Amino acid sequence: MIENLPPFSIILAPAYLHPILRADIMKQTSGCMGLQLLSPQTFLASFTQKQARDHVEISFLYKQNIEKIISQLQTYQAIALTPSFLMECYDFIESMKFYHISVDELPDKTQAQQEIKTILNNIFPIQTAQDIWNEAVLRISDCSNVYIYDAFYSLKDEKILNILTSKGAHTIPLPKPQQQKEFYHAINPRQEVEAIAQYIIQHDLDADDIIITLASSTYKPLIEQIFKRYEIPYTLLQKNKASIVTQRFVNLIAYALSFDQEDLFACMDAGVFQSEHLDELREYIEIFNCDIFQPFHHLMNVQANGHILDEVEITKLKELEEIAESGRQELCETLSLFIEDDLHQLVTHLLDILHNGMKAASKEDISVLSNIQDVVSSSWNYLNTKDDLAFLLPFIEQISISKSVREIHGVIVGDLKQIIPNRTHHFLVGATQKNYPAFPSESGIFDEIYLRDTTLPDMETRYQYYIAQCEKQLHTNSHLIVSFPLGTYEGKGNEAALEIEEEMKCDPTAFPIMENYEKITQTYIIQPETAKALFVKGHHIKGSISAIERYIHCPYSYFLRYGLSLREPMQHGFDNSYMGTMAHYVLETLVDELGKQYTKAAMERIEEIVNQEVEAIAAVFPNNADLMEVIKHRFLVSFAQTLKRLDDFETHSAMGPYLQEYEFHEEFPITEDISFALKGFIDRIDASGNFHCILDYKSSAKSLSEDKVFAALQLQLLTYSIVAKKQLHKDILGAYYISLKNQNIPYIAGKMKRRPVGFVETEKDEYEENILKAHRISGWTMRKDIDMLDDNGSHIIGVSMNKDGIVKARKYYRYETVYEWFISLYRTIGNRMLSGDIACSPDADACTYCAYYEICRFKGFASERKPLVDIDDSLYWEGGVDDADME
């Protein structure tokens, strides 16, 4: 019918149809002289010269009027001046004016209804857009040259179009072809869209003959992702997305109102400020929780006079402070203007900051900035206090990037309110009971219950009209394919909409989909020459044992840390690991001063040592001074308990402290010309005569596992044994972990006995015995002279005294075998490094505290680490485990 329109005709259609209709007109005709394509709103606007106030200005006017009566309100006093409430009032008043309903006609049976009536009575006279439209409708006379394209219209639009029809306007009806229908279901939304893409390709459909109607906007990203992968051209009729420009201005206003640190960080994260030192500035503020308007200089005179924070760490903090101070001074030049009495100057300054950060802005960003300036301009005369600025904030937050379509290509993707004719294939996607027809019932202050007492169209009228509009969409195209997902990604079930089941008149079938998933394994490998250049210095791979263990846990993490030398984030404040360092240092000091009698140290001396360290830490982190006092108290209580346990251990040990914090340098061969050059410190070595043992302090309970040891996940303790044996020339008795953590011990009141029936209270000695048992040291014993370290067999896991009074271990490990296999372990690990193996294949524990997780974003399954050597009975003394077992 379009091709037969007379010259100078006016076609009225929703804006989304304009590019589609233009394309169709150009295909069907050589053009129509003087043809105009307008939306009903634009056509109506041509009959008035008045400019309507926008909703922002009207909201401020509403606010001013309601402030005069706010004291009279009770039910709505708390919310009557909020933007959301005022916008509800605005929308309702527009409906009242459209249907010519006066405030006197509104219900007033309840207190709430009476207050609503009072509020509306005070703001109803303010002129709104609907007043102007009502005047424009009265000016319309002859519409004989107007042609209304049938589409999805609201009930209000329908009333206006009926007026135009009564004045001579014509209707261009939608086509109603003979239809072929198909009804499908899929497992979930992603497979539903995947199946549609495959359907289009398998049936060799022309993308220009297809429309897709989305029953839910959540399908838009799926359409974009999957159709791009299948290289199917498409056009989204409307796409809204959040704008970083809006977010920046919102963050700026929030900070100007609060001067809160979190709002300042939000501005930094959004890229509001342009400075090369913002990262260092933020890191410094996070560490020290300081005021950005005060100079950063408290570390200037701090000396490394403690033992918990080392000199290297303090030096790094001082370097950070210097850079952060430069960034602070630069940023404060901008922030100083935030302290402005004149609100208009403040807002102007905020807009200037926003504009300065858009040097390489896109067209969309520039459009958003223009919209923000329009909103500010419409509210300019009403900004008197910071409360007014806060009132403006929700209106700014609503500004987003809205892309309207000018050219159509490929599959047209719309929603339930966008009817698109003249395409052969129509896919209705996501037609579940929740998504279709999605009738928009009224809620909020003016909900369906309230509307029931007014003369506005009731819910039944609106529902029947809405359903009729939705049904028009289903009959416009010759081939209708409807689908819905059986479930959500969370596993919740879906059912097809009842309206759709009635329309299709058949049961849905499974959407055919070809599944051909190939596991993509991303390999991380570098050339041996590169690996040697990164890891080898001179003829050595230098590092610590923990660095080697990191490689086994995750080669990629090792590569980032020691190959590329990526700096890990600095710890903020007093880290929990410092508690363990504190305990190590106090024990080391006491042993230096008192030897084996360190467990008898006076609490005054212990507190003196701890105070010195706490003061040194507090000098670096003054914002944590109060926290440090709490930590100190907890530490002293816990350490006293630890000393009590260690005192019992020392009483039953004939060995005594021999060396502490023993520094070693040891090489383990890899190839003929390359070896590991390991450096480390052994916490404590005890000795007696020709025997010595390794004692390693730990902040929590830890045990040696044979599988983990020979999978190279626990190299530390036994490497210490090899180093000490070679360098001290003494026989190794064993190597053990000493846990400094106080375990939680259940203390039951007692037990019931059967014969005779009664209750036996738990004795204190039994409780003390349970404490000692839960805190036994753990490790590997390598000599049968274990009674030198534990003369009653009650302090080492796996060691006990038999009925003959002989102290024995459950297993005795052969040092010579351990040494031989560790040489093989280090050689195997070194050759893997030199081959360039940097696989991102972490084990179960590697990602927990990894600082590089955000770089690799590993989403696979953890890899199991298997022993790198074959374990046999030569690991134990006397040929096997059975021979070493206790009697």
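**Close-up 1. Asn 802 sits in the loop between β22 (799-801) and β23 (807-809).** Helices (H or I, at least four residues) and strands (E, at least two) are DSSP runs, numbered from the N terminus. This is a predicted model, in which local features need pLDDT of at least 70 and side-chain atom pairs count only at pLDDT 80 or more, while totals for chains, interfaces and linings use all residues. Residues are numbered from 1 along each chain as its sequence is written, and side-chain values use heavy atoms, with hydrogens and water left out. With 15% relative accessibility, Asn 802 counts as buried. Here, buried means under 20% relative accessible area, exposed means over 50%, and partly exposed is in between (1.4 Å probe, protein chains only). A polar atom of the Asn 802 side chain lies 3.0 Å from the backbone nitrogen of Asp 804.

**Close-up 2. Leu 299 is in the loop between α12 and α13.** Is Leu 299 buried or exposed? Its relative accessible area is 0%, so Leu 299 is buried. Who are its neighbours? Leaving aside residues up to four places away in sequence, Leu 299 touches Phe 288, Leu 317, Lys 318, Glu 321 and Val 620. Contact means heavy atoms within 4.5 Å. For a sense of scale, Leu 299 and Asp 873 are 58 Å apart in space, C-alpha to C-alpha, and 574 residues apart in sequence.

**Close-up 3. Asn 289 and Glu 661 have positive phi values.** Most residues other than glycine have a negative phi, and most peptide bonds are trans. Asn 289, with phi near 50°, is found in the loop between α12 (278-288) and α13 (311-335). Its relative accessible area of 52% makes Asn 289 exposed. Glu 661 has phi near 45° and belongs to strand β15 (residues 656-669). At 30% relative accessibility, Glu 661 counts as partly exposed.

**Close-up 4. A cis peptide bond runs from Tyr 436 to Pro 437.** Its omega is near 0°. To find the spot, look in the loop between β11 (425-429) and α17 (448-451), where Pro 437 lies.

**Close-up 5. Glu 593 and Arg 605 form a salt bridge.** The term salt bridge stands for a side-chain nitrogen of Lys or Arg within 4 Å of a carboxyl oxygen of Asp or Glu. How many salt bridges does the structure hold? There are 26. In the Glu 593 and Arg 605 pair, the closest N and O atoms are 2.5 Å apart. The pair links distant parts of the chain, with Glu 593 in helix α23 (residues 577-594) and Arg 605 in helix α24 (residues 603-620), 12 residues apart. Glu 593 is partly exposed at 42% relative accessibility, and Arg 605 is partly exposed at 25%.

**Close-up 6. A salt bridge joins Glu 666 to Lys 726.** Here the closest N and O atoms are 2.7 Å apart. This pair also links distant parts of the chain: Glu 666 is in strand β15, and Lys 726 is in helix α27 (residues 716-728), 60 residues apart. Glu 666 is buried, with a relative accessible area of 10%, whereas Lys 726 is partly exposed at 36%. Another salt bridge to look for pairs Lys 725 with Asp 731, with 3.3 Å between the closest N and O atoms. Lys 725 is partly exposed, with a relative accessible area of 24%, and Asp 731 is partly exposed at 22%.

**Close-up 7. Lys 596, Glu 650, Arg 684 and Asp 686 are linked in a network of salt bridges.** Look for the charged side chains of these residues: Lys and Arg, along with Asp and Glu, count as charged.

**Close-up 8. The second largest pocket has a volume of about 1300 Å³.** On a 1 Å grid over the protein atoms alone, a pocket is an open set of points where a 1.4 Å probe fits, with protein on both sides within 12 Å along at least five of seven lines; lining residues have an atom within 4 Å of a point. Grid points are joined across faces, edges and corners, and a volume is the space filled by probe spheres set on the points. Which residues lie nearest the centre of this pocket? They are Ser 95, Ser 154, Leu 155, Lys 156 and Asp 157, out of 32 lining residues. The elements giving two or more residues to the lining are α2 (40-45), α4 (83-98), α6 (129-139), α7 (155-166) and α18 (459-474). The largest share, five residues, comes from α4. By class, the lining has 20 nonpolar, five polar and seven charged residues.

Key:
Polar contact = N/O pair within 3.5 Å; in protein donor to acceptor, adjacent residues only side chain to side chain.
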